[in-house]
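Me: I want to go through the labels put on this structure and ask what each one rests on. Please set the values against the cut-offs.

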Amino acid sequence: MASLEKRGQSFRIVFRYQGVKYARSLSTRSDKAATAALARLDDNLHRLELGTLDPPDGDDLIGYLLSDGRPKRST
């Protein structure tokens, strides 16, 4: 389960997965946007643990979970 931390005026999201702690700034000052990101990450983390969402190939687990399991587009 993930949680939000308020750092100054902005938010960051924090969670543990397989014993590793992950944290990332959400680059928002909006309570509503931060809460929506938290709900999205929690849902995708749950899907990952159930096996209905495949783990990412790269190292950016938080970005993967916040993007609903879509891989990063290469430019």
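Reply: What follows takes the labels in turn, for a model that is predicted.

Me: What secondary structure does the protein have, and in which order do the elements run?

Reply: There are 2 helices and 3 strands. From the N terminus the order is β-β-β-α-α.

Me: What makes the protein as compact as a globular protein of that length?

Reply: The globule rule gives 11 Å for 75 residues, and the radius of gyration of the protein is 12 Å, close to that figure, so the label holds. Along the principal axes, the C-alpha trace spans about 35 × 30 × 20 Å. The accessible surface comes to about 5300 Å², with 47% of it belonging to carbon and sulfur atoms. Of the 75 residues, 31% count as buried.

Me: Why is the sheet called open, and which strands stand at the edges?

Reply: The strand order is β1-β2-β3, with antiparallel pairing. β1 (3–7) and β3 (20–25) each have a single partner strand, so one side of each is left without a neighbour in the sheet. From one strand to the next the twist averages 25°.

Me: How do you know that β2 and β3 pair?

Reply: Pairing requires at least two bridges between the strands. Strand β2 (residues 10–17) and β3 have 6 bridges, in the antiparallel sense, so they count as paired. In general, strands of a sheet pair through backbone hydrogen bonds.

Me: Where does helix α1 lie relative to the strands?

Reply: Helix α1 (residues 31–50) lies across β1 and β2, and runs at about 15° to β2.

Me: Why is Ala37 called buried?

Reply: Buried means under 20% relative accessible area. Ala37, in helix α1, has 6%, so the word applies. Leaving out residues up to four places away in sequence, Ala37 touches Ile13, Leu26 and Leu66. Thr52 is 15 residues from Ala37 along the chain, and their C-alpha atoms are separated by 20 Å.

Me: Why is the pair Asn44 and Arg47 called a polar contact?

Reply: The cut-off for such a pair of N or O atoms is within 3.5 Å, where one must be able to donate a hydrogen and the other to accept it. The side chains of Asn44 and Arg47 are joined at 2.8 Å, so the distance meets the cut-off.

Me: Thr28 is found in a loop. Is Thr28 buried or exposed, and why?

Reply: The loop in question is between β3 and α1. Thr28 has a relative accessible area of 17%, under the 20% limit, so Thr28 counts as buried. Not counting residues up to four places away in sequence, the residues touched by Thr28 are Gln9, Ser10, Phe11, Ala33 and Ala34. A polar atom of the Thr28 side chain also lies 3.1 Å from the backbone nitrogen of Ser30.

Me: What share of the contacts with a separation of 6 or more joins residues 24 or more positions apart?

Reply: Such residues account for 38% of those contacts in the protein.

How values were computed
Residues numbered from 1 in each chain as written. Predicted model: local features only at pLDDT ≥ 70, side-chain atom pairs only at ≥ 80, totals over all residues. Heavy atoms only, no water. Helix = DSSP H or I, 4+ residues; strand = E, 2+ residues; numbered from the N terminus. Axes fitted to C-alpha atoms, helices over the stretch in contact; angles between N-to-C directions. Contact = heavy atoms within 4.5 Å. Buried < 20%, exposed > 50% of the residue type's maximum accessible area, 1.4 Å probe, protein only. Rg over C-alpha atoms; globule rule 2.2 N^0.38 Å. Areas by Shrake-Rupley, 256 points an atom, 1.4 Å probe, with all protein chains shown as cover.
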